[in-house]
Amino acid sequence: MTLLSLDGVTKRYARGYREVEALAGIELDVHAGDFVAIWGGSRSGKTTLLRIAAGIEPPDGGRVVFDGHDLAALARKARARLLLTDIGCVWQTGRITRGLSVLDHVALPRFKVRSHAQARGEAHDVLERVGVAQCAHARWHELSDGERTRVALAHALIRRPRLLLADEPTANLNMIEREQVLGVLRSVADEAGVAIVMTAPDAPNLLQSHRLMSLDGGRLIKPRSEQRGTLIDFPGSRPASGRASRGG
Amino acid sequence: MSVKYAVLGLLAQRRGYGYDLVQRFEEQVGPAWQLNAGAIYVALDKLEQEGLVRPIAASDGETPPTRRRTVRGAPRVIYEATPEGLERFEDWMATGSSMSPLREQLHLKLALSQPRNLPRLIELTYEQEQACFERLEQHLGGAPFEELLSSTPPWSAVASVMVRDAEIAHLQATVEWLRRIREAMRWLHERPEALRSRT
């Protein structure tokens, strides 16, 4: 079943006097249990892509459909609710709730459905899974960058989202921590059927996924096995198009 | 030739017949080499001529390995390394390794291109990046390099992961290069005046 579908999504930004095409016609279908890894460098548009997929930012063109609902057609409140229930996000700039310990921050979403002790127990399990149980009683300013990312991942996972969007969840981790995080992501996809879209800046971080694609200059490059139409139609790339520039 | 020594090395590990060697090569070296089976047989012939490997003679009594048949009914010949072969293999392991030159068609096209080729060259970088992805896909789900540090796998597994990681590293570097030149070419393509002053 297609859980998330991006259909011709475009986004433009003004950068100084110039308009920058952040996303140019993104087509992407993600099914339950899919683990999609997107390889993109800085300024490739990967964070924009995830923000649009999460419904945090509207696309300029195209549609984002989550679980049969066009996100643009949903009321703001309904979109915000999705982010609390069905869509989990891990951002590089994540923060934890002011004044709370890591454990309580992660347990917070479970406080209303479980007793506090149970919620904290669950939070501890999730923190252990992503390898930061030792930080349970720390405060935000005491965490390293790598620990912060993993706390954000725990915070997203504890709500058992159906879709997990993770922006460089392996940044700032050493080899073993990285493998642990990728292993958790893979098992969440394989065992719990969570759909995952993850971004990473280099290849070794991508190979635990099920599907691999690349984002550069706002264009998604997929392996031929996933290709629907032509690869990339760069204007004027074919002599017959009549738009070939005559240089020199 | 390296394939010759690889086949010799496989036979130094244990005896084997042609197709078995093809499979073991693929298993231990990985998909990157893209070796066809014929090269293994050519190497075997050469090794036999040089006296570095020899077919095992059928011994009476037990089921002689040489009497087993291949799919097409030809006798399946099992080879083993000779003492000279083992010695030669050790020599090869001890010598330095040369590096192959980097010869890609795209490099030639770039070198011989004209400004009017820019749009097509830009598209070629996308196609090439896609090709890199398809190769990377073959490594999906494979044992990650990191696993080596946290567990104690047998040496053969360690070695094969390290060899695969070489291809992953090469593909990653290629994609990064493609993105770099694509950005440069797009920049030039959008500013024909900058190009004109360079031709």
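Biologist: Let's start with Glu50(B): how accessible is it?
Modeller: Glu50(B) is partly exposed, because its relative accessible area is 36%. Buried means under 20%, exposed means over 50%, and partly exposed is in between (1.4 Å probe, protein chains only).

Biologist: What kind of model is this?
Modeller: It is a predicted model: local features need pLDDT of at least 70, side-chain atom pairs count only at pLDDT 80 or more, and totals for chains, interfaces and linings use all residues. Residues are numbered from 1 along each chain, chains are lettered from A and ligands numbered from 1 as written, and side-chain values use heavy atoms without hydrogens or water.

Biologist: Where in chain B is Glu50(B) found?
Modeller: In the loop between α3 (37-49) and β2 (53-55). Helices (H or I, at least four residues) and strands (E, at least two) are DSSP runs, numbered from the N terminus.

Biologist: How far is Glu50(B) from Gly85(B)?
Modeller: Their C-alpha atoms are separated by 8.8 Å. Along the chain, Glu50(B) and Gly85(B) are 35 residues apart.

Biologist: What does chain B look like overall?
Modeller: Chain B has nine helices and three strands. Their order from the N terminus is α-β-α-α-β-β-α-α-α-α-α-α. The chain has 199 residues, and 37% of them are buried.

Biologist: Pick one helix residue there. What about Glu87(B)?
Modeller: Glu87(B) lies in helix α4 of chain B, residues 83-94. Its relative accessibility is 56%, so Glu87(B) counts as exposed.

Biologist: Switching to chain A. Is helix α5(A) largely enclosed or open?
Modeller: Largely enclosed by the rest of the structure, because 11 of its 13 residues are buried. Among the buried ones are Gly146(A), Arg150(A), Leu153(A) and His155(A).

Biologist: What span should helix α5 of chain A have?
Modeller: Its 13 residues, 145-157, should span 18 Å at 1.5 Å a residue. The expected span is 1.5 Å times one less than the number of residues. The end C-alpha atoms are 19 Å apart, which agrees.

Biologist: Now salt bridges. How many are there over all chains?
Modeller: The search finds 27. Each is a side-chain nitrogen of Lys or Arg within 4 Å of a carboxyl oxygen of Asp or Glu.

Biologist: Which residue does Lys11(A) pair with?
Modeller: Glu57(A), with the closest N and O atoms 3.6 Å apart. Lys11(A) is in strand β1 (residues 2-15) and Glu57(A) in the loop between α1 and β4, so the pair ties together parts 46 residues apart in sequence. Lys11(A) counts as buried at 9% relative accessibility, and Glu57(A) counts as buried at 13%.

Biologist: Which residues make up the network with that pair?
Modeller: Lys11(A), Arg51(A), Glu57(A) and Asp60(A) are linked by salt bridges.

Biologist: And Asp34(A)?
Modeller: The side chain of Asp34(A) meets that of Arg211(A) in a salt bridge, at 2.6 Å from N to O. Asp34(A) sits in the loop between β2 (18-31) and β3, and Arg211(A) in strand β9 (residues 211-216), so they tie together parts 177 residues apart in sequence. Both Asp34(A) and Arg211(A) are buried.

Biologist: What is phi for Asp67(A)?
Modeller: Near 50°, a positive value too. Asp67(A) is in the loop between β4 (61-66) and β5 (69-70) of chain A. At 27% relative accessibility, Asp67(A) is partly exposed.
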